[in-house]
Every structure is written in structure tokens, then in C-alpha cells.
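Colleague: I am new to this structure. Could you take me through a few of its parts?

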Amino acid sequence: MTATVATASFTVDSPTGRHPVSVTYQRSGSGEPLLLLHGIGHHRQAWDPVFRILAAERDVIAVDLPGFGESPALPDGVPHDLTTVVPALGALCGELDIDRPHVAGNSLGGLLALDMGREKLVRSVTALSPAGFWTETERRYAFGVLRGMRAGARLLPDPVVEQLSRSAVGRAALVSTIYARPGRRSPQAAVAETRAMRNATGFHSTLAAGRDVLFTGDVPDVPVTIAWGTRDRLLVRRQGVRAKYAIPGARLVRLPGCGHVPMSDDPALVARVILDGSRPATAG
């Protein structure tokens, strides 16, 4: 099964006007469309461990969010917040001729997925450790960890990163903050995501936009699954209980042994949760 990598360019309306946006994505498979959204400082390759599994049943589109991976940042003066990025994702779907896809998102991507659900842009939502259900103390902690990861990625020269990636201990030093099983990451993946964090042009703008974010209110008339890794050390799992209170109709799922980015820790489980969440309610 061959995946196609391409870039879509379009314009999007935001509170500050109409702006050009370009988004790089990877697409493969057939069936109902499924949009995959990564977290802050990451890139579309975060979904590689589950991409082929999902593509066996869905038309899968893994996106580099604006300012991350290969997608350029939004134009100067345009905030990387929900009021801009969510319409941009809706415009991307229109550009790709996708009518209300299913969407799965992790961390920042989970928050975006839930807001897309609230805006009725998608037909189902699966949110893996979504942002926005924190207390102020928890938010400050998570943002501090993310800033530390960014600083580390920018300080370490490529030869050091490549050397660290060659051993399980070294990969743990690079990525154990977000993975419960960092040894499962390949050396190439550990190097690539360290570079993605280092080069993320939208990092600071996105983090700044998240300071006042607190997801409140329901996501009516859209099936929602919220899944949380039991070993998530960035956004602790009690935030999943708050998410369930905020969205009473959501299905809350535990991901045993998984960290903040669970797709690598247990690909089969995460793929099953996403596929189950994107099936009709009458399905088994």
C-alpha cells in the first residue's frame, strides 16, 4: 500500500482576515476518510506505527499542522489558536474534497479534533490525551516540560542526537517524556522527532495560544472517544475523568502501559480504539 505525500494550499478566514495556508499531508488507503492530527512539537510521522493498520480500513490523511513538520507556520500576526487552525483544517478537507471525515488527534491534535467536532466539521472524534482539561498547575507543568524538550532539542547537535539514538538508553534520554516504551522507537524516528521539535516554527505561537485554553462544554451529536495512557507523564490521566464530565456522552478508554503519545507504545490497541470510535454506533 503506497502512501502519497503532498502539499495543499488554500486560503482561510480568521478573526484577523483572510490568509494563505499550506499544509503537507500523507495519504493512503480507502474507505471513509480519517484525519490524523499530531501534538505540539511533533509531526505527521507520529502516526507511522498505526498508519498502515488504519489505512487497511480507512482513507487516512496524516497532517503536518501549520508550523510543524513540513508545513510552514501561519502568516505573521495570525495566531496559532483554535479560531484559526480549526478553520484551516476545515478548509484542507474542502481542498481535498473530503466531506466530514472522522478525526483522531493526540494532545494538541486531540484538542483540535474535539473543537472540529463541536463545529460539526467531522463525523466522529477520537482524542488521545487531548489538551485543555488541565488545572492551571497542570498546564504550567506541561508547558514547562515542553519548553524543556524544545530547549534540549535545540541545544543538542545532530551528531550527539544520532549517537544517542543508537541505543535504547539514549533513545530514552531523547523521547521518554512522551513515550512509556521509548526503546520501541527506531533510531531514525528518534532523530526525526528531535529535529521536528527543534525546527517547529509554530511552537512558541501555539504554546502562547494555549495559555488560556480550557475545554468546556459538550460536543453534541458527534460520537466522541477519549483515550488516556495510564503512564502519561505529560498530561496525567485524571484529566481524562474531567474530559468525561465535560463531554458526558463520550466513551472514556484506558490505554494500559501507554504514555502521552501512545501510538508507538501499543499500535494495535490504539488502532483498534480509533477504528472502533469511527464505526457507526450500531456496529459491534
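Predicted model: local features only at pLDDT ≥ 70, side-chain atom pairs only at ≥ 80, totals over all residues.

Colleague: At what angle do α6 and α7 pack, and how far apart are their axes?

Modeller: Helix α6, residues 168-175, packs against helix α7, residues 187-199, at about 25°, and their axes lie 10 Å apart. Angles under 35 degrees count as roughly parallel, so α6 is roughly parallel to α7. The crossing of α6 past α7 is left-handed.

Colleague: Which residues meet there?

Modeller: From α6 come Arg171, Leu174 and Val175, and from α7 come Pro187, Ala190, Glu193 and Thr194. The residues of this contact comprise four nonpolar, one polar and two charged.

Colleague: Turning to α1, which of its residues are buried?

Modeller: In α1, which spans residues 48-55, the buried residues are Val50, Phe51, Leu54 and Ala55. Viewed down the axis of α1, they fall within an arc of 130°, so they line one face of the helix.

Colleague: What covers those buried residues?

Modeller: The cover includes the strands β2 (17-29), β3 (33-37) and β4 (59-63), together with the helices α10 (262-265) and α11 (267-277).

Colleague: Where is alanine 46, and is it buried or exposed?

Modeller: Alanine 46 sits in the loop between β3 and α1. Its relative accessible area is 2%, and because buried means under 20%, alanine 46 is buried.

Colleague: What is alanine 46 in contact with, beyond its neighbours within four places in sequence?

Modeller: Those contacts of alanine 46 are with His38 and Met263. As for threonine 24, 22 residues away along the chain, its C-alpha atom is separated from that of alanine 46 by 14 Å.

Note on methods. Residues numbered from 1 in each chain as written. Heavy atoms only, no water. Axes fitted to C-alpha atoms, helices over the stretch in contact; angles between N-to-C directions. Helix = DSSP H or I, 4+ residues; strand = E, 2+ residues; numbered from the N terminus. Parallel < 35°, antiparallel > 145°, perpendicular 65-115°, else oblique. Left-handed = near helix turned anticlockwise from the far one by under 90°. Contact = heavy atoms within 4.5 Å. Nonpolar A, V, L, I, M, F, W, Y, C, P; charged D, E, K, R; others polar. Buried < 20%, exposed > 50% of the residue type's maximum accessible area, 1.4 Å probe, protein only. Arc of directions from axis to C-beta.
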